[in-house]
Amino acid sequence: MVGAAASNLRRALLTNPANPALLRLTASLRLFFDPRGYSKMAGEPLDNRSGSGSGKPVTRVLFCGLQFPASHNYTIEYLQKFPFIQVDVVPLEKVPQVIHHYHLCVVKMCRFDSALIAKASQMKLLMQFGVGLEGVDIDAATENKIKVARIPGSTTGNSVSCAEMSIYLMLGLLRRQKEMEIAVKQRALGEPTGETLFGKTVFILGFGAIGIDLAKRLRPFGVKILATKRKWPSDDSCCSNDEIGGLVDKKGTPENMYEFAGEADIVVACLSLNKETAGVVDAKFVSSMKKGSLLVNIARGGILDYNAVYEHLETGHLGGLGIDVAWFEPFDPDDPILKLPNVLITPHVGGVTECSYRAMAKVVGDCALQLHEGKPFTVIEFVN
């Protein structure tokens, strides 16, 4: 049956080789069966054989975990012309057993502590399919002579995608999406009464790539924008007026975050997660927000203190919560916070668009090819 299906697919591809649906299907099927060793449940990878008669050994790429499937599907599709690059997708629990076979690893949601890194005896590059590297022990990787890198969101459309998701969550909260769904079921018309984004004050907590793209897209809505950043460009910087200064009505540093929280109708967390930012949106921060204001998190779940957010939602001090990232992922669908009528959650898809994922897949694929050829890496941003 598998042989017949493969034969039919082959004929379809020959008839219409550019059909996008067929290309996606072949990329998905390759995860389950491929003579070159692509495997969704990769156990033992192929041995170091040469590809296409090149005489060069195979360069092995590992994707950790089966979640965010577009990341590995698009990368496999991009690399399908290069038989000397082997791409495997392994469940998280299997990673420690096979990590020693690989030269490049896309960590996704895998935690790379010193013990796991020590097993990566052939590893040259650990990289994220995006920007978040909080799960990687950078010092341990450095000690083991492994480079660690992220893909800058500003170069791939990832920050644009996250910015658009932020606006989606804002509008969903303002227009009371959950109540609208109930109204449809009850055949009620003309309710609930929502609010406009127009005229609101938005505080962007963390003005990096996502924050900048968010500000650009918020401007046409007629909002006032506040933003905090650890360090702003100097007045004589060539980009201060055009790229940043003109986008923000009021600039501040982390010292101003409580003041800005008290002025804003909507707070959007766009911070990267590290020791300084973990739990920064705590009881003190949320209580300093306007009564009835909205909180959106597009960054990492650990930025928000769960208990503080939940308690302020229950009392009504916090008017609504929109999150694309959660404290633990995948998030428990029965968690009490999701039972509240003013909470919206999306399944960590802020950056998951065809635009950004195909661009990032190309970066990963190019890194694999550069590693294979011994060339310098391009586009990626090293952290060690």
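Arg176 is partly exposed, with a relative accessible area of 34%. The model is predicted. Arg176 sits in the loop between α7 and α8. Its phi is positive, about 60 degrees, although Arg176 is not a glycine. Most residues other than glycine have a negative phi.

His348 is buried, because its relative accessible area of 17% falls under the 20% cut-off.

Peptide bonds come next. Most are trans. The bond from Glu191 to Pro192 is cis, with omega near 5 degrees. Pro192 belongs to the loop between α8 and β6. The bond from Glu329 to Pro330 is also cis, with omega near -5 degrees. Pro330 belongs to the loop between β11 and β12.

Now to the sheet. Seven strands form an open sheet with parallel pairing, in the order β8-β7-β6-β9-β10-β11-β12. Its edge strands are β8 (250-252) and β12 (343-345), each of which pairs on one side only. On average, neighbouring strands are turned by 15 degrees against each other, direction ignored. Strands of a sheet pair through backbone hydrogen bonds.

Take β6 and β7 within this sheet. Strand β6 covers residues 201-205 and strand β7 covers residues 224-228. The two run parallel and are joined by five bridges. Phe203 has Leu226 of β7 as its bridge partner. Leu205 has Thr228 of β7. Helix α9 packs on the sheet, where it touches β6, β7 and β9 (266-269). The direction of α9 makes about 165 degrees with that of β6.

In β7, four of the five residues are buried. In α9 (residues 209-218), seven of the ten residues are buried. These are Ile210, Gly211, Ile212, Asp213, Leu214, Ala215 and Leu218.

A helix pair follows. Two packed helices are described by the angle between their axes and the distance between the axes. For α3 (residues 69-79) and α14 (residues 354-373), the angle is about 55 degrees and the axes are 8 Å apart. That angle makes α3 oblique to α14. Their crossing is right-handed. On the α3 side, the contact includes Ala70, Ser71, Tyr74 and Tyr78. On the α14 side, it includes Tyr357, Arg358, Ala361 and Leu369. By class, the contact holds nine nonpolar, three polar and five charged residues.

What does Asn158 touch, not counting residues up to four places away in sequence? Its contacts are Gly153, Gly351, Ser356 and Met360. Asn158 is part of helix α7 (residues 158-174). It is buried, with a relative accessible area of 9%.

Ile146 lies in the loop between α6 (138-143) and β5 (147-150). Its relative accessible area is 1%, so Ile146 is buried. Beyond residues up to four places away in sequence, Ile146 touches Ile117, Ala120, Met123, Lys124, Leu125, Leu126, Ala141 and Asn384. Met123 and Ile146 are 23 residues apart in sequence, yet 6.4 Å apart in space, C-alpha to C-alpha.

Note on methods. Residues are numbered from 1 along each chain as its sequence is written. This is a predicted model: local features need pLDDT of at least 70, side-chain atom pairs count only at pLDDT 80 or more; totals for chains, interfaces and linings use all residues. Side-chain values use heavy atoms; hydrogens and water are left out. Buried means under 20% relative accessible area, exposed over 50%, partly exposed in between (1.4 Å probe, protein chains only). Axes are lines fitted to C-alpha atoms, for helices over the stretch in contact, and angles run from 0 to 180 degrees between N-to-C directions. Angles under 35 degrees count as roughly parallel, over 145 as roughly antiparallel, 65 to 115 as roughly perpendicular and the rest as oblique. A crossing is left-handed if the near helix is turned anticlockwise from the far one by less than a right angle, and right-handed if clockwise. Contact means heavy atoms within 4.5 Å. Ala, Val, Leu, Ile, Met, Phe, Trp, Tyr, Cys and Pro count as nonpolar, Asp, Glu, Lys and Arg as charged, and the others, Gly among them, as polar. Two strands pair if DSSP finds at least two bridges between them.
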